[in-house]
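Keep the structure open next to you while you read.

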Amino acid sequence: MTLPKPDQLLLLILRLGGFGCFAGWAWVLFYWEGPYGVLLWQDSIYALAEKIGISWDEFVGSGAQDGLVQKWHSRIGWLYLICAILTLTVRNNSRIQMAGLIGGSGLLVLLSYAKYLSANQQLPMFVEHGGQMLIPVILVLALRFGVRHRATVVTAMVAFVMIFAGHGAYALGYPSPTPANFLGMTSIILRVDAEMARFILRVAGIMDMLVCVGLFFRPLRRGAALYAAVWGFLTAVARPVAGMSLGLNYWGADQYLHEVVLRAPHFMIPLYLLFLWRKADEPDSLTAPVPISSGNTDPQTCRL
Amino acid sequence: MKLIRLVTLCCSALLIAGGAVAQEKGKKGKGQKKGPAALAIPNVEKKDIICFALYTVNDEVLKLTAQLYPVPEGDTKTVRLEIEKDGKWVEVAKTEVIEKGWTAPFRVENWDDTQTQKYRVLHGEEASYEGTIRRNPIDKDEIVVAGFTGNSINAKHGGDLSRQDLIDNVNKVDADVLFFSGDQVYDHHRHYAAWLKFGRDFGEIIKDRPTLCLPDDHDAGQPNLWGESGKISTLSGAADGGYSQPGEYVQEVERAQTSHMPDPVDPHTIGQGIGVWFTNLNWGNIDFAILEDRKFKTGPAGRVPKQGPRPDHILNPDYDPASVDVEGAILLGDRQLKFIDEWAQDWTDADMKVALSATIFCGGAHIHGAANGRLHADMDSNGWPQTGRNNALRGLRKGFAFHYAGDQHLATIFQQGIDEYGDAIYSFCVPSIANLYLRWWEPLEAGPNREPGAPEYTGDHLDGFANKVTNFAAANPEKNPAGNILNTRAAGFGIVRFNTKTRDIEMECWPRNVDVTDPEAKQYPGWPMTISQFDNYNPRSWGKLGELTFDVEDPVVQLIDADTDEILYTVRASGKSFTPGAPKGKTFIVKAGKDAPETTVSEAAKVGSEPQTVTLK
């Protein structure tokens with residue numbers, strides 16, 4: 001069944017968000033280095049490897065040659081690339097592809113967990129990856145049940161809150177001082193000193209928290225989603241804007257652009273909610289049951 | 001089957017790694033403190049508000065910085081410095097405490113460095129902190145410099161264990177100077193709290209002898225540092241160059257660690273208002289150049305072709321080393337090169353010269369991390385950029401400088417080479433106080449020209465940037481460290497004995513928790529090693545000019561290339577005779593003088609020329 005145009009747009013937004021996230025991380029894993037090291041470079045892991053019959057040299061390499069750790073580190077990139085393709089090819093009746101995307105979500109959970117561990121177990125580090133971890137799930141839910149289904153929307157709202165609560169916590173200096181690169185980017189882009197940058201980030205942190213709350217109030221939610229989409233995009237592009245320079249090889253694009261791409265869910269999820277609620281006051285677009293696909297057997301639509 | 005095993009391993013990795021990290025984080029009690037708890041700033045009584053004090057004396061100027069705990073609101077901010085004269089305390093200076101970092105820097109001119117003097121720092125009515133300003137030990141034959149690096153406080157590898165062994169050993173050898181080469185602080189956000197802990201740990205030995213602290217990357221609050229003259233870094237890992245922390249944070253760090261050092265020779269600030277502290281200290285007739293090998297250095301990200309999974313790491317052994325030696329990449333920068341050039345020629349009150357910096361001028365490790373992480377080259381080392389490295393070495397060898405450094409977490413002795421193996425200075429990289437991150441010197445091929453019976457990793461090698469290096473020793477940690485704390489991770493410290501009479505330089509490399517005065521105590525394999533001051537510029541291809549015999553003791557001799565007017569070197573000879581080394585087939589102007597090379601001795605000296613008697617009186 002063909003989706004109404006607005007719903008096609010919503011699905012496209014989710015596809016692009018998922019694609020960007022997986023493609024960005026695939027880029028990191030192929031071109032740079034993934035954050036999985038913290039999970040593997042552990043004495044207890046070596047001990048376990050030996051117990052199950054993988055020798056030291058097999059596991060970590062001989063020094064001259066790579067071991068399993070180094071080889072699989074880059075091979076994981078293929079899984080991300082496959083998931084990126086799946087975000088574009090998956091249809092509402094392709095269960096294997098959906099399963100692949102759910103697996104991709106698992107990979108992103110693992111990745112976020114690794115980043116959380118390497119960030120000295122700072123909770124906001126894991127929380128702010130909520131959008132990235134959940135975007136494949138949201139896409140699958142949207143295909144399986146519909147872009148306006150309660151499950152899809154609730155999951156998107158959870159992802160939204162995770163992204164901006166995590167961001168906001170860091171900007172407000174919880175649990176440790178505001179990350180130095182946040183201050184640096186703000187200082188460079190806005191040409192302000194560290195004191196002013198700190199003030200701006202505190203305001204931004206408060207706004208992050210407020211939009212998380214505003215999401216749950218009907219009169220405020222479109223404004224919250226609009227702010228979050230813009231702010232999510234700006235924070236993603238802040239990295240190349242602050243770091244790229246004409247004097248660098250490829251203008252520094254290979255150092256920074258993937259940072260925007262993999263953060264696609266940070267602005268695509270709010271954008272999805274914004275477009276979802278765009279016609280919130282028009283009863284036929286929100287409150288009327290809209291069967292959007294053959295897979296949508298549940299007549300329940302979002303009344304959030 | 002292999003795949004199943006691998007999958008099992010991966011699943012377990014998640015659980016175990018999380019558990020292991022969590023276990024570390026939760027480790028408390030039984031004498032072990034996790035980092036954050038150890039960094040709590042204690043509420044001290046008013047009488048204990050002065051935590052510790054560091055000082056140097058140079059050119060009759062005493063600089064002393066008292067480090068205070070936070071001064072309560074309403075209490076005086078004035079801090080006084082007194083010295084004991086004829087049994088009475090006399091105030092010699094007072095200063096206001098700087099609230100950002102709670103430091104109280106004193107500067108006292110016309111200091112009489114011929115006398116040892118007791119001092120005390122006072123705050124308010126109750127707080128008093130006493131120590132000793134040593135006299136300049138110009139009559140001592142041997143100047144002992146204890147060297148430290150990498151002061152991790154992480155319990156995981158023994159960083160939480162007591163430093164009492166280090167305190168005891170410094171007192172036993174009665175070190176004349178303490179040299180902390182960098183990473184005195186590993187916490188990237190709380191330098192002040194960590195610096196106070198450093199003071200509580202080492203204040204007992206610091207208060208009584210000149211101490212040099214070189215803030216390195218972790219001190220500045222980032223994992224690696226390519227300072228790029230004060231740029232702001234935004235890239236994770238900071239390989240884009242610049243400082244990750246705001247300038248005011250870096251200024252506070254440098255005020256705490258370096259404001260007691262001699263005045264900078266070229267004090268112009270860099271970006272973000274960050275100061276500089278490169279300078280020299282003349283103590284016991286040893287002239288120390290204190291270098292900033294991070295502050296001006298170019299960040300590699302986006303400037304060199306990508307060669308590995310990080311912008312600063314090169315994994316591909318087949319890459320072209322010349323491709324990363326890009327035009328415009330800076331190591332020490334023009335200001336420091338100019339300083340080195342002038343310093344190398346100035347032998348006033350100096351018998352020997354020593355360069356101090358954070359790290360060594362080569363890629364001094366092959367394997368990085370917890371296991372066999374072979375890295376072809378690491379741009380965090382001073383092996384990159386090669387042109388900058390060679391320029392630095394060319395300057396330093398002109399003064400026969402010995403190089404003392406740290407940072408690598410791996411103790412090594414190298415002789416650097418520029419155009420040929422062994423044509424530049426020796427470097428001693430000291431081991432970490434507690435080793436956060438393991439490294440190994442493990443070339444794949446045995447080195448030629450090894451000492452008889454020496455391990456295969458010694459001898460002549462090219463580092464990852466194709467720099468010529470000759471290794472003499474490496475304190476490699478165990479591959480899978482048993483117990484995984486301190487000595488199995490090759491932790492320890494260095495002692496260098498500079499004999500100003502014989503001009504010998506003896507390098508010692510000690511593990512932790514040994515008594516260095518115990519005849520049974522063993523150093524790391526390869527140590528001790530003794531070289532001559534004159535080995536620091538003695539290329540294998542050189543010959544000797546005719547012997548010069550002087551009518552004064554220890555004259556200063558200078559060789560100048562007669563064709564180019566370039567100074568080849570300047571050095572203070574030992575005794576009344578000196579046989580200059582020089583390249584074959586060239587003609588040299590030889591100058592000499594009692595304290596400066598003011599008299600032309602020969603205008604056409606060549607290798608193999610006749611001995612000559614020189615009158616300088």
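D380(B) is buried, at 2% relative accessibility; buried here means under 20% relative accessible area, exposed means over 50%, and partly exposed is in between (1.4 Å probe, protein chains only). Bear in mind that this is a predicted model, where local features need pLDDT of at least 70, side-chain atom pairs count only at pLDDT 80 or more, and totals for chains, interfaces and linings use all residues. Residues are numbered from 1 along each chain as its sequence is written, chains are lettered from A and ligands numbered from 1 in the order in which they are written, and side-chain values use heavy atoms, with hydrogens and water left out.

- D380(B) has a salt-bridge partner, R294(B), with the closest N and O atoms 3.3 Å apart; a salt bridge is a side-chain nitrogen of Lys or Arg within 4 Å of a carboxyl oxygen of Asp or Glu.
- R294(B) sits in the loop between β12 (286–290) and β13 (313–314), while D380(B) sits in the loop between β16 (377–378) and α7 (386–397), so the pair ties together parts of chain B that are 86 residues apart in sequence.
- Helices (H or I, at least four residues) and strands (E, at least two) are DSSP runs, numbered from the N terminus.
- R294(B) is buried too, with a relative accessible area of 3%.

**A network, and the total**
- Salt bridges that share partners also join D351(B), R503(B), D554(B), R572(B) and D595(B) into one network.
- Over all chains, a search of the whole structure turns up 46 salt bridges.

**Partly exposed pairs**
- In chain B, D515(B) and K172(B) form a salt bridge through their side chains (3.2 Å, N to O).
- These two are 343 residues apart: D515(B) is in the loop between β25 (504–511) and β26 (529–532), and K172(B) is in helix α3 (residues 164–173).
- D515(B) is partly exposed at 27% relative accessibility, and K172(B) is partly exposed at 43%.
- Over in chain A, E195(A) and R198(A) make a salt bridge (3.5 Å, N to O).
- Both are in helix α11 (residues 194–214), and because they are three residues apart there, about one helical turn separates them.
- E195(A) is partly exposed at 49%, as is R198(A) at 25%.

**A closer look at Y186(B)**
- You'll find Y186(B) in the loop between β9 (177–180) and α4 (191–206) of chain B.
- Y186(B) is buried, with a relative accessible area of 14%.
- Leaving aside neighbours within four places in sequence, Y186(B) has contacts (heavy atoms within 4.5 Å) that include H218(B), H409(B) and L436(B).
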